[in-house]
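Subject: A structure for you to look at

Hi,

Here is the structure I promised to pass on.

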Amino acid sequence: MRYKLTATFMFLLAHLITHAQHPDFTNITAPYVQAFTGRTEYGTPNNPYGVESNPFATQGVARGRHTVITTQGTDPHTGNVLQFLPPGENKVIRLGNDINGAQAEALQYRFTVDKNNPILLVKFAVVMEDPQHGSLVQPRFTIRITDTDGNLLEDCAEYDVYARPDIPGFRSYQDKWCSIRWRDWTNIGLDMSRFVGHEVLVQFITYDCSLGGHFGYAYFTAHCIPNKLHFENCGGGLEFTLAAPEDFASYKWSNGETSRTATFKTAAANNTNITCTVTSATGCQFLLYAFVTSNPNSAVKPGDFTDVICEGETYTKHNFNLPPQEPGEHFYQNVIVNPATCKDSDEINLTLNVVQRYNYFREAICHGEDYAANGFTVTQPPVGVYRDTIKTRTINTCDIYDVLKLTVNANFNMPTIIKGETSPCTNEIFTYTFSGIESLTEFEWIIPDNAVFYKSYKYAQTIQLYFTDATPTVLELRGQNGCGAGIASLLVKPKQSYNIQLNEEICAGGNFNTYNFNLGTQDSVGYFVHSKHLISSQGCDSIITLALSVLPTPIVRISPANAMICNQGDEISLLAIVNDTEMPQESTTALASNEAYVSIYDCSLNYLWNNGSTEGAITVKPLISTEYSVEVTTQNGCSAQAQQAVVVRTNSPQTLHEHICSGETYTKYGLSATQSGIYPVSIHNGNCTTTFNIDLTVNKPAVTHVYDRVCAGSVYAEFGLDAIFVEPGAFKDTLRHRNTQGCTDITALELTILPQEHTLLYDSICQNEVYDKHGFTLGTQDVPGKFTHTRIAATPDGCKHSYLLQLIVYPAHNTIISHEIAQHTAYNKYNFNFTRVTKDTTASVHFNSASGCDSTVVLNLRVAKSNSPTLDCELIIPNVFTPNDDGVNDVYLHDMANCLKTIIIINRWGQTLYEGVDGWNGIIHGKPASPGTYYYIVTAKNGDVYKGALTLIRE
C-alpha cells in the first residue's frame, strides 16, 4: 500500500510553493523549498515518530537545525573521520544537530522532472547516537521521493533507518556518552523518466531520540542529472573506458563488467550499443545508454525523436533496444560517443508514447444472475471468475481491447472464527486472521480505539496489531461479496505491559537507588539514560527507562581560614567562596580590624548563614570564639555547607565545639584528628596569640532496620525509595540520607514482594450447558471447542489473584446408523431391540457419551429385498471426529466403503474438501484442517442420501 499525506496539507503545498525544474538543494530559502521543525514523542509500531510527533509542525528555517555548510571539516562524533563535504561538492546541508531534546527537522523540495535531467542523485551521510532503546524511540533519518499526493514513486524510493548496532553500511564510534552509529557519504539514485513533466516531492527528515536524551542528524545534497554515460579514459584509439556516476551500490555493464567503469574495444567501422544498470543503496535501478561509433560518416544521426508504439511492444529504432513498454509517455536518452575523437556531446533523445491496448472492467454479480454491460453479455455464469476479451477499435495500428474480469459470488457466508491471541500483552505485536476469504469480495477490519495497525492494512486477510492499554475490547471483521454482508467479532482482553519513562534529577554525590535502579553514588555530572527490561507477573515484557540528570553540587569554603581577632568586639568579614570561582555580579566592601579587601560572590546562589544572613559575605563582631556556618544552594536545589570558627583572644582558655562525621578527619587549626576528644590549640596572628581547646565530637551514623512488604507490580514509595517491583521475592537495600548534623544515616530496608497470585483451572462441560463455577459466570456455552477465560480477585494481602480458566465445551454426539435387513428379522444392537421388522423403521435412543454429554443415536432400518446389494451393510454416520493420531476416531467414516457410494465433505462456504469412500482424515491440501464445523453429504449404495453437520475437534 502507498500512504498519502493529508489532502489539506497537499492543497496548501500546491498553492504556496513555486515549482522548479533545476532545483538547487543547498538553497534552503528558495521558493520551491519548505523547511520545518517539530518534535518526536514516544513512538508506536504503526507511528514510529509518536502520536504527538510531527516533524512538519512549524514552518521556517531554524538556525542550528537547517544549516548550510560550505567549509571542509570533520565530524567529531565520528572520530573526525566523516568529512563535511563529499568529493566533488563545495556545499551541503546539515539537517538537525548534536543537541538532544526530542527535536525533529524536515526539508521538502517540490520540482518538475526535466527530461534532460531525469535522474535524482542524492548524496547523504548520517550520524546518530545509539542509546539502545526500543526501535520506536531511537534517533532516525528518512528520505522519501513521492508524487504530489504523497505516493512513493517506486517501492524503493524511500530510505528509512534508525540507530541500532550492525546496520548495513554503517560504522560505530564510541563517543563520550554513547555509542555512535554513522554512515559515510553514500549515493542513491532514482530514474524519474516516467514522471517527466510532472511534479515530485523530495523529503529529508531527521529525528532525535524521542525520550529527549540523544541526537540524530544528517548531511545531504542532491542533483538532477542526465541518464547518460561519459568518457573516463579515451586515447583516440579503438580502446576506451566509459564511466557511470560514482559511489552507487553496484553496476552491471552490457559487457559483464561490474565496476563503476568499463573498458570496451570496437572496430573502426562497427557501431556498439552499450548499457549500464546502476543500483543504488535502496535497491532502485536505472539504465544508462551509450551508442558508440568510430565512423564520422555513420548513418546514425543525433536528434530528438518522437514515436508511438503499442502497449507490450519492444522498441528497436534509432539505435535503442528497449524491452516491452508500459502505457504512458517515456523519455529515453542515448549519448553518441566517438572513441576516435573522444567526444560524447551528441545525443539521441527519444520521446516514446505507448498506447494503452487494454481497458479493464472488474465487475461482480451473484450466482444465478446475468451480466450485460460494457459490451459483454454473460448468461448464468457459474461461481468463480469469468474472463472475456473483445476488440473495440484500432488506434495508430494498435488494436484496443476491453477485458472483463467478472467475479461470480456464491451465496454469502460470513466467516465466524477470527484467529488470534485473545490475551495479548500491550505494546507487543500480534497477528489476527480468518479463513473463508474466497467467499468475500470486500472485507474490512474494524479495530477498537486501544488498538493500532502495525505494518498492515485494514483490508488485508492477515493483520498485525498491538494494544495500547489493557482495556477489554472487541475486534470486528466486516465482509461482503455483493450478495450479502455480515460481521464477525473476537473479544480481546489485553494484559498490561509496563513501559514507563521516568525523568529524575539528583545532585552529584547523592545516591540513586529507586525504581529498581541501584545506581549507587552519582559522582559524574551530566545527563544519563538507564533502562531495565523486566517480565511482569502476567508474562509481559516491561521496560523502565530512566532519564537521570546529575546536577553539580557546589563546593563551599569560608575565607579567611583560621580566622582570629585579638580583642572582643573587633570586626571581621567572612566570605563564602563557591567552587573557588567568583562571578563578579555583585560586590561588597568590608573592613576587618586590620585590613580592607573587596569580596565578590555569585548572586545566582542562595546563601544562609547561621546568624540569619542571606548575603554572600558577612561582617561579625564576636565577643567570644564563635563558629559560623553557611549553606549554599544552587538554583537546581543542590546544596553544601561550610563551617569556620572565629577565635577571640581572651585571658582564660576557651573551648570550641566541633563535629565531624565518622570516617572524616578534622584538619582545622593544624590538627589531624579522627577521634572524639579535647585538643589544645595555639594560633598566632601577628602579635596576637590565642590558646583554646577544640572539643571534637565524631558523629556516628544511625542505623535503622525496616521490614515491609508490597504487592508485585505495585509502587513502593517509603523511606526515600520509589520503585516498581514486578517479580515476587525479597529485596534488600541500604538507603543513605543526611541528618541534621550533615552526616549520613543508614536505613537497612528488607522488603518482601508478595506475589500476584495466579491459578490455572481446567474444566469441561457439555454443549448448551451453563458454566458458573470457580467464580466464573459464563452463561450458556452453545459452541463446542476450547476456550480461555480470565477473572481477577483480591487476595487477603490486598494483592491481585488472577484465575485463568481453560474450558473445553464438548459437543453432543449425534450418530446416524443406517442398516438394511431382511423382512421379518430381528435387530438387537446399540440398545435397540426389534424382534420382527416388517417395514422401514426409524427410531432413536439417548445416552451419555464418554465425555458425559447427552448423545443421540438415530437408527434407520430399511427392509431390503433378498437380492439387495447392501443387505447386512450397517452405515454409521457420527457428527464428531477427532483426527489427533491417537488411534481412535482419526478417520471419518472409516471402513464404510462397502456401504457407501460416495462421501463428500464441504466447508461452510460450499467448497469441497474431500470426495471418496475411504473416509476423511482431516487433511486439506496437505495440512491439518482447523477445528470447527464442516458438512457431509453421504450417499449409500442403495441410493439413500444423508446430509448433516460435522464437528472436528483437536485436543
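How many helices and strands does the protein have? There is 1 helix, and there are 73 strands. Keep in mind that this is a predicted model, so everything below was computed from the predicted atoms.

**The overall picture**

The protein has 955 residues, and 46% of them count as buried. It exposes about 46700 Å², with carbon and sulfur atoms supplying 47% of that area. If you take the contacts between residues at least 6 apart in sequence, 61% of them join residues at least 24 apart. Keep that in mind for the pairs that follow.

**Disulfides**

A quick reminder: a disulfide is a covalent bond between the sulfur atoms of two cysteines. How many does the structure hold? The count is 5, and I'll walk you through some of them.

Start with cysteine 366 and cysteine 483, which are joined by a disulfide with an S to S distance of 2.0 Å. The link is left-handed, with -125 degrees about the S-S bond. Cysteine 366 sits in strand β22 (residues 358-366), while cysteine 483 is in the loop between β32 (473-480) and β33 (485-492), so this pair links distant parts of the chain, 117 residues apart. Cysteine 483 has 28% and counts as partly exposed.

Next up are cysteine 425 and cysteine 540, a disulfide with its sulfur atoms 2.1 Å apart. The torsion about this S-S bond is about -80 degrees, so the disulfide is left-handed. Cysteine 425 is buried, with a relative accessible area of 6%, and cysteine 540 counts as buried at 0%.

Then there is the disulfide of cysteine 507 and cysteine 638, with sulfur atoms 2.0 Å apart. Its torsion is about -95 degrees, so it is left-handed. Cysteine 507 belongs to strand β34 (residues 499-507) and cysteine 638 to the loop between β46 and β47 (639-648), 131 residues apart. Cysteine 507 counts as partly exposed at 23% relative accessibility, whereas cysteine 638 counts as buried at 0%.

**Aromatic rings**

Searching the whole structure turns up 30 aromatic pairs. One of them is phenylalanine 25 with phenylalanine 111. Why is this pair called edge-to-face? The ring centres are 6.0 Å apart and the planes are at 80 degrees, so the pair is edge-to-face; the cut-off for that label is over 60 degrees. Phenylalanine 25 lies in the loop between α1 (7-16) and β1 (33-39), phenylalanine 111 lies in strand β5 (residues 103-112), and the two are 86 residues apart. Both phenylalanine 25 and phenylalanine 111 are buried. They also belong to one aromatic cluster, formed by Phe25, Tyr109, Phe111, Phe204 and Phe220.

For a tilted pair, find tyrosine 892 and tyrosine 936, at 6.3 Å centre to centre and with 45 degrees between the planes. Tyrosine 892 is in the loop between β67 (880-881) and β68 (900-906) and tyrosine 936 is in strand β72 (residues 932-940), so the pair ties together parts 44 residues apart in sequence. Both of these tyrosines are buried.

Two arginines are worth a click as well. Arginine 164 lies over the face of tyrosine 162, 4.7 Å from the ring centre. Arginine 791 lies over the face of phenylalanine 776, at 5.4 Å from the ring centre.

Enjoy exploring!

How values were computed: Residues are numbered from 1 along each chain as its sequence is written. This is a predicted model: local features need pLDDT of at least 70, side-chain atom pairs count only at pLDDT 80 or more; totals for chains, interfaces and linings use all residues. Side-chain values use heavy atoms; hydrogens and water are left out. Rings of Phe, Tyr and Trp (its six-membered ring) pair if their centres lie within 6.5 Å; planes under 30 degrees apart count as stacked, over 60 as edge-to-face and the rest as tilted. Helices (H or I, at least four residues) and strands (E, at least two) are DSSP runs, numbered from the N terminus. Buried means under 20% relative accessible area, exposed over 50%, partly exposed in between (1.4 Å probe, protein chains only). A charge sits over a ring if NZ of Lys or CZ of Arg is within 6 Å of the ring centre and within 35 degrees of the ring normal. Contact means heavy atoms within 4.5 Å. Accessible areas come from the Shrake-Rupley method with a 1.4 Å probe; for residues, only the protein chains shown count as cover. A disulfide is a pair of cysteine sulfur atoms within 2.5 Å.
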